[in-house]
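Here is a structure to read step by step.

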Amino acid sequence: MTGKPDYLIALFNSVSHVIRAERILNGQGIPHKIVPVPKHISSDCGVCIRFLPEYRDQIIQKLEGKTEIIEIREL
Amino acid sequence: MPEIINAKGLACPQPVILTKKALEASDEVTVLVDNSTALENIKRLASSAGCSIEVAGETEGVFKIHLLKKPGISPETAAPPEYLPCDSNGKPAAGPTVFVIASDTMGRGDDELGRILMKAFIHTAIDLESGPEVMIFYNTGVKLAAEGSGVLDDLKNLEEKGVKVLVCGTCVNFFELTGKVAAGIVSNMYDIAGTMSRAGRIVQP
């Protein structure tokens, strides 16, 4: 184990989707963080949502039908 | 024959970048620069890369720098150079770099978008090559230093790295955040105005 946790990031098509997702996750109290899309990943939208792997299923479930995640990747 | 780099008229940090590239390919490099910051930074680069340096004095404002790699010195073992900061006059900036966060949004237009952009900006600040030495938060900017802001971990990392974080006390009081500020030092207008007036560079997203 290194000191730094391994994170996942959810990528979206547009910032509007990120804003909507953030609002939902805040409302549900699911820990997450808005971060810039890492340089090595190409994305139309410059920001994404970072979270710990344990929240993956919960996040997918809460966002389903409300905003569209295009991809979940390891950071 | 040494490789010759003509870096006259190029803005900082271009001369250093070109020199660095040339030294990767060649053991002997001559660089022409026309300002003292570029001269100083190339000297620092050369010394860290294990090169001997010879500067043929200033002729009409141009310095000719001759660099020759000394055998047996590996650049990997040398400490990375600390360059002088770039500014428009080619002179090193006098005071600290101060990031002024005057709002919890970045830019004007859509506040919801602005809040997302500001979070991404603060997250990026720690990795900047020429990052902040002091960060000042005022008006709605103080919300970023309060509990639940979403960038507290970034601010704490910045503080651990030695960045001084000042949070406007009047603003904390106005937004009823007293006792909820979780990063930085709650400060006053004397410190805030004083720090801004002594800054070498102010960055305001």
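The dialogue below moves from the chains to their helices, their contact and a few single residues.

Q: What kind of model is this?
A: This is a predicted model. Keep that in mind throughout.

Q: How many helices and strands are there in chain A, and in what order do the elements run?
A: Start with the count. Chain A has 2 helices and 4 strands. Then follow the chain from the N terminus: the elements run β-α-β-β-α-β.

Q: How many helices and strands has chain B?
A: Chain B has 6 helices and 9 strands.

Q: How do I read burial for a whole chain, and what share of each chain counts as buried?
A: Count neighbours: a residue is buried if 20 or more other C-beta atoms lie within 10 Å of its own. In chain A, buried residues make up 25% of the 75 residues. In chain B, 35% of the 205 residues count as buried.

Q: How many residues has helix 1 of chain A, and how far does it reach?
A: Compare its reach with the expected span. Helix 1 of chain A has 14 residues. From first C-alpha to last it reaches 20 Å, close to the 20 Å expected at 1.5 Å a residue.

Q: Which residues of helix 1 of chain A are buried?
A: They are A:His17, A:Val18, A:Ala21, A:Glu22 and A:Leu25. They cover an arc of only 135° around the axis, so they sit on the same side of helix 1 of chain A. On the other side, A:Asn26 and A:Gly27 are exposed.

Q: What covers the buried residues of helix 1 of chain A?
A: Look in both chains. The cover includes strand 1 (8-12), strand 2, strand 3 (47-51) and helix 2 of chain A. Helix 3 (111-125) of chain B is also included.

Q: What follows helix 1 of chain A?
A: A:Gly29 follows this helix, with a positive phi near 70°.

Q: How do I describe two packed helices?
A: Use the angle between their axes and the distance between the axes. Now the case here. Helix 1 (residues 15-28) and helix 2 (residues 56-63) of chain A pack at an angle of about 115°. Their axes are 10 Å apart. The crossing is right-handed.

Q: Which residues of helix 1 and helix 2 of chain A meet?
A: From helix 1 of chain A come A:Ala21, A:Ile24, A:Leu25 and A:Gln28. They meet A:Ile59, A:Lys62 and A:Leu63 in helix 2 of chain A. By class, this contact has 5 nonpolar, 1 polar and 1 charged residues.

Q: How many residues of chain A are in contact with chain B?
A: Count each side. There are 8 residues of chain A in contact with 8 residues of chain B. Helix 1 and strand 2 (33-36) of chain A each supply at least two residues of chain A's side. The largest share, 4 residues, comes from strand 2 of chain A. By class, the side of chain A that touches chain B has 7 nonpolar, no polar and 1 charged residues.

Q: What do the buried residues of helix 3 of chain B pack against?
A: Among these buried residues are B:Ile116, B:Leu117, B:Met118 and B:Ile122. The buried residues of this helix pack against helix 1, strand 2 and strand 3 of chain A. They also pack against strand 5 (97-101) and helix 4 of chain B.

Q: Why does B:Glu176 count as exposed?
A: B:Glu176 counts as exposed because it has 8 C-beta neighbours inside 10 Å. B:Asn139 has 15 such neighbours, so B:Asn139 counts as partly exposed.

Conventions
Residues are numbered from 1 along each chain as its sequence is written. Chains are lettered from A and ligands numbered from 1 in the order in which they are written. This is a predicted model: local features need pLDDT of at least 70, side-chain atom pairs count only at pLDDT 80 or more; totals for chains, interfaces and linings use all residues. Axes are lines fitted to C-alpha atoms, for helices over the stretch in contact, and angles run from 0 to 180 degrees between N-to-C directions. A crossing is left-handed if the near helix is turned anticlockwise from the far one by less than a right angle, and right-handed if clockwise. Two residues are in contact if their C-beta atoms, placed from the backbone, lie within 7 Å. Ala, Val, Leu, Ile, Met, Phe, Trp, Tyr, Cys and Pro count as nonpolar, Asp, Glu, Lys and Arg as charged, and the others, Gly among them, as polar. A residue is buried if 20 or more other C-beta atoms lie within 10 Å of its own, exposed if 12 or fewer, and partly exposed in between; C-beta atoms are placed from the backbone. The expected span of a helix is 1.5 Å times one less than its number of residues. The arc is that of the directions from the helix axis to the C-beta atoms.
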